[in-house]
Amino acid sequence: MGTLAGRRIVLGVTGGIAAFKAVEVASLLRKEGAELRIVMTRAAASFVTPLTFREVANAPVAETMWGAPQHHAAHISLASFAEMVLVAPATANFLAKAAAGIADDMLTTTLLATRAPLLFAPAMNTVMWENPVTQENVRRLSARGVQIISPAVGMLACGTTGAGRLPEPEEIVRVVKEHFTRSESLAGRRILVTAAGTEEPLDPVRYLGNRSTGRMGYAVAEEAARRGAEVILVSGPTPLETPADVRRVDVRTAREMYAAVLADYDGVDAVIKAAAVADYRPAETAEQKIKKSEGTLTLTLTRNPDILYELGQKKTHQVLVGFAAETQNVEEYARDKLRKKNLDFIVANNVAEQHAGFAVPTNHVQIFYADGRIEECPMMEKTALAGVILDRLENVFS
């Protein structure tokens, strides 16, 4: 029996040249024991015949809402059947329709009718993928909980090279299996994660802050809990929802975060310090709103405690993981931080890089290790990067 035995998956196939890879996706899912239903758009059927999917997947194929239905209200039947809806490939046109809530064919209508998790694997020309409209659609979908598997980089059907290739079928199926498999690889471990930015008040109205949304830290906390760890999430202000099975401690300022982290530090096995903590705070906080006046306004700032440095000095058995969000000299600054703060490894990225900074669902990082190694990670979803980080943490534990 495969790891997906009995899992009910609706595979949506849209009209791109990568549709031929979806045949292999269907084959692999079937080999893992999944029970499949296939939904093809009219354009998809121009690339691969429905008969191919019926034979490979041993599953019914829905193409239109207007033919003789196998079930009454076929889109409702498909929506109710699904434990997951996987769309591979997901074209730019499909992403736009899904983001807008358009339901004009069997696939998009099924999406609106289902409560199942959604997993989209986009594939298209690089320029189309990088188009701001497409990226906005991806952000909107991600914000609604759709999991996006970022396109791979390589040679495309149009002859150019860049991001836009459908990930290999094995990678897509791996993500599907990961969704349905709760690992216990971190069972018995206590992990503290910090996330989001801190806010340092100037007066009752204003504060000094940064652009961190907390997405990366929350993804790490969610993945750690999925692997069976007891997770403490010390979070700055953010609208993100607390991941399941995670204990959240809300703080606002750097000093509040420092106190919250130190309170649990002795009893944890690892700290993953993903928060963007303010290095400085106003030396004085005005009791009333600072009013506009003629001339300039001078603010005096004072240093906040360096939380990660303090943890490194107090380190006994804990594994320490840091983050370095830089705009230049990434390797130099990351290595310096790794050494000074006594870290086991540090995840560094250039936040000025497109699609790799704050408030986006993806990131492109390098991981620097205490033994001198460097690991280059391709652009990927922050949820996928959370898995990479925790894989490396497990390596340290072992």
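This is a predicted model: local features need pLDDT of at least 70, side-chain atom pairs count only at pLDDT 80 or more; totals for chains, interfaces and linings use all residues.
Biologist: Let's start with the overall layout. How is the chain divided?

Modeller: Into domain 1, residues 8-183, and domain 2, residues 190-397. Their centres, taken over C-alpha atoms, are separated by 34 Å. The contact takes twelve residues from domain 1 and 14 residues from domain 2.

Biologist: What makes the strands β3-β2-β1-β4-β5-β6 an open sheet, and which are the edge strands?

Modeller: Six strands line up in that order, with parallel pairing. The edge strands are β3 (61-62) and β6, and each of them pairs on one side only.

Biologist: How do you know that β4 and β5 are paired?

Modeller: Pairing takes at least two bridges, and β4 and β5 are joined by four, running parallel. So the pair qualifies under that cut-off. On the residue level, V85 stands opposite L118 in β5, and V87 has F120 as its bridge partner in β5.

Biologist: And what joins β5 to β6?

Modeller: Two bridges, with the strands running parallel. The cut-off is at least two, so β5 and β6 count as paired. L119 has Q147 as its bridge partner in β6.

Biologist: Why is β5 called mostly covered?

Modeller: Buried means under 20% relative accessible area, and five of the five residues of β5 are buried. L118, F120 and P122 point one way from the strand, L119 and A121 point the other way, and all are buried.

Biologist: Which strands does helix α2 touch?

Modeller: Helix α2 (residues 50-57) packs on the sheet, touching β1, β2 (35-40) and β3. Its direction makes about 175° with that of β2. Helix α3 (residues 74-81) also touches β1, β2 and β3, and its direction makes about 140° with that of β2.

Biologist: Now helix α8. How does its reach set against the expected value?

Modeller: α8 covers residues 169-180, twelve in number, and reaches 17 Å from first C-alpha to last. At 1.5 Å a residue you'd expect 16 Å, so the helix comes out close to that value.

Biologist: Which residues of α8 are buried, and what puts them on the same side?

Modeller: The buried ones are P169, I172, V173, V175, V176 and F180. They cover an arc of only 155° around the axis, which puts them on the same side of α8. As for partners, the buried residues of α8 pack against β1 (8-13), α1 (19-31), β4 (84-90), β5 (118-122) and β6 (147-148).

Biologist: There's an asparagine in helix α7 (residues 132-143), N137. Is N137 buried or exposed?

Modeller: Its relative accessible area is 6%. The cut-off for buried is under 20%, so N137 is buried. Leaving out residues up to four places away in sequence, N137 touches L95, A96 and A99.

Biologist: On to the other sheet. In what order do its eight strands run, and what is the pairing?

Modeller: The order is β13-β12-β9-β14-β17-β18-β20-β21, and the pairing is mixed. At the edges sit β13 (246-250) and β21 (374-376), each pairing on one side only. From one strand to the next, the twist averages 15°.

Biologist: How do you know that β18 pairs with β20?

Modeller: Strand β18 (residues 345-350) and strand β20 (residues 366-369) are joined by four bridges and run antiparallel. With a cut-off of at least two bridges, they therefore count as a pair. F345 has Y369 as its bridge partner in β20, and A348 stands opposite Q366.

Biologist: What do β20 and β21 form?

Modeller: A hairpin, with four residues between the two strands. They pair in the antiparallel sense over three bridges, and F368 has I374 as its bridge partner in β21. In the turn, G372 has a positive phi of about 100°.

Biologist: Which helices go with this sheet?

Modeller: Helix α12 (residues 330-340) lies across β17 (319-326), β18, β20 and β21, running at about 155° to β18. Helix α13 (residues 382-397) packs on the sheet too, touching β9 (190-195), β14 (270-273), β17, β18, β20 and β21. The direction of α13 makes about 160° with that of β18.

Conventions. Residues are numbered from 1 along each chain as its sequence is written. Side-chain values use heavy atoms; hydrogens and water are left out. Buried means under 20% relative accessible area, exposed over 50%, partly exposed in between (1.4 Å probe, protein chains only). The arc is that of the directions from the helix axis to the C-beta atoms. Contact means heavy atoms within 4.5 Å. Axes are lines fitted to C-alpha atoms, for helices over the stretch in contact, and angles run from 0 to 180 degrees between N-to-C directions. Domain bounds come from an automatic or database domain assignment.
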